[in-house]
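Let me put the model up, and then I'll walk you through it.

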Amino acid sequence: MTERLLRTPTLHRVVRHNGLAFIGGIVADDEGLDMAGQTREVLSKLDAYLREAGSDRSKLLSVTIFITDMNVKPQMDAVWKEWLAPEDLPTRATIGVADLGGTTLIELIATAHY
Amino acid sequence: MTERLLRTPTLHRVVRHNGLAFIGGIVADDEGLDMAGQTREVLSKLDAYLREAGSDRSKLLSVTIFITDMNVKPQMDAVWKEWLAPEDLPTRATIGVADLGGTTLIELIATAHY
Amino acid sequence: MTERLLRTPTLHRVVRHNGLAFIGGIVADDEGLDMAGQTREVLSKLDAYLREAGSDRSKLLSVTIFITDMNVKPQMDAVWKEWLAPEDLPTRATIGVADLGGTTLIELIATAHY
């Protein structure tokens, strides 16, 4: 069975299927924030979407992070490390890309189990 | 069991394993088309690959879209929304990247069930 | 059950769950190498991480490759094709991105079974 949750005009925020939750394309609502602030907002939304999926941050399997300025990656990493217990860290890649729309600095895709 | 289908020199278009179908790196054959045209061609190829996987567009779980010009994202979204019933929308991210080769405007990666 | 292996300060290199191994964000240690050299190093690390996951290169399902210079993609492809038997090729996408940190030319994300 597949469950699709939290619909927008172009996507569902969460798709659950056979023990895996797919969560995609999370950006901060307030694009005026700096990298630390946008990362906090993205992770807060991720918490909410994981909860919706019947999962939580300790069940993340894989995360891909896209950022528009590799110079502020350390600020992202600092917030990330505060947010997750070391033993719960998923696999992760951080990719520097050209454009995430407006002044968005970070966008995150995740796969978790539930 | 793993099934790999539609081989090119560097990849298989479709890999099926334990209920999940991985489909990757779809671009339009005609790079001269505008964003709406390339999106239509990419989604038409995705239909064909999903069919090969024993799946279809209503079984998409997660899609990642890379585009080279965020300004024409609305044209991509318009074609996307025509193509999928709202209740079947997968999770999705759209990432603006530097280069997809030549004048390619859009490349799409998908995970579906079958 | 979920197993997380090879921890760094921000991630685990390998996460195993229910038959799937997630491996993320592999870059070459020696950023001074050219594309062929960095690709060889990335694939050598991928071999090691797959071994750790109880898997191997013949069990790859999906690979996403990010590169910073699409002009040297052919050098990457040449090393890739030597490394994998044609029947074992996974689905794959190659995305040209702005910045992978320093002079890193290639970063690779993989999903395998085990």
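This is a predicted model: local features need pLDDT of at least 70, side-chain atom pairs count only at pLDDT 80 or more; totals for chains, interfaces and linings use all residues.

In chain B, six strands make an open sheet, and the order across it is S1-S2-S3-S6-S4-S5, with mixed pairing. At the edges you've got strand S1, 2-7, and S5 of chain B, each of them pairing on one side only. If you ignore direction, neighbouring strands in this sheet are turned against each other by 10 degrees on average.

There's a helix over part of that. Helix H1, residues 35-52 of chain B, lies across S1, S2, strand S3 (20-26) and strand S6 (106-113) of chain B, and H1(B) runs at about 30 degrees to S6(B).

Is S5(B) buried or exposed, would you say? Six of the six residues in this strand, 91-96, are buried, so S5(B) is largely enclosed by the rest of the structure. Thr91(B), Ala93(B) and Ile95(B) point one way, Arg92(B), Thr94(B) and Gly96(B) point the other way, and all are buried. So much for the side chains; what about the pairing? S5(B) pairs with strand S4, residues 60-67 of chain B, in the parallel sense, over six bridges. Within that, Thr64(B) has Ala93(B) as its bridge partner. To get from S4(B) to S5(B), the chain goes through helix H2, residues 73-83 of chain B, and that β-α-β crossover is right-handed.

Now the assembly. Turn chain A by 120 degrees, with a shift of 0.0 Å along the axis, and it can be laid on chain B with an RMSD of 0.0 Å. That's the relation of a three-fold axis. The copies use different surfaces, mind you: 8% of the contact residues of chain A recur in chain B.

As for the interface itself, 24 residues of chain A are in contact with 21 residues of chain B. On the chain A side, the elements giving two or more residues are S1, S2, S3 and S6 of chain A. S2(A) gives the most, with five residues. By class, that side of chain A has 11 nonpolar, eight polar and five charged residues.

That's my tour, happy to take questions.

Methods
Residues are numbered from 1 along each chain as its sequence is written. Chains are lettered from A and ligands numbered from 1 in the order in which they are written. A residue is buried if 20 or more other C-beta atoms lie within 10 Å of its own, exposed if 12 or fewer, and partly exposed in between; C-beta atoms are placed from the backbone. Helices (H or I, at least four residues) and strands (E, at least two) are DSSP runs, numbered from the N terminus. Two strands pair if DSSP finds at least two bridges between them. A crossover is right-handed if, with the strands pointing away from the viewer, the path from the first strand over the helix to the second runs clockwise. Copies are superposed by least squares on the C-alpha atoms of residues with pLDDT of at least 70 in both. Two residues are in contact if their C-beta atoms, placed from the backbone, lie within 7 Å. Axes are lines fitted to C-alpha atoms, for helices over the stretch in contact, and angles run from 0 to 180 degrees between N-to-C directions. Ala, Val, Leu, Ile, Met, Phe, Trp, Tyr, Cys and Pro count as nonpolar, Asp, Glu, Lys and Arg as charged, and the others, Gly among them, as polar.
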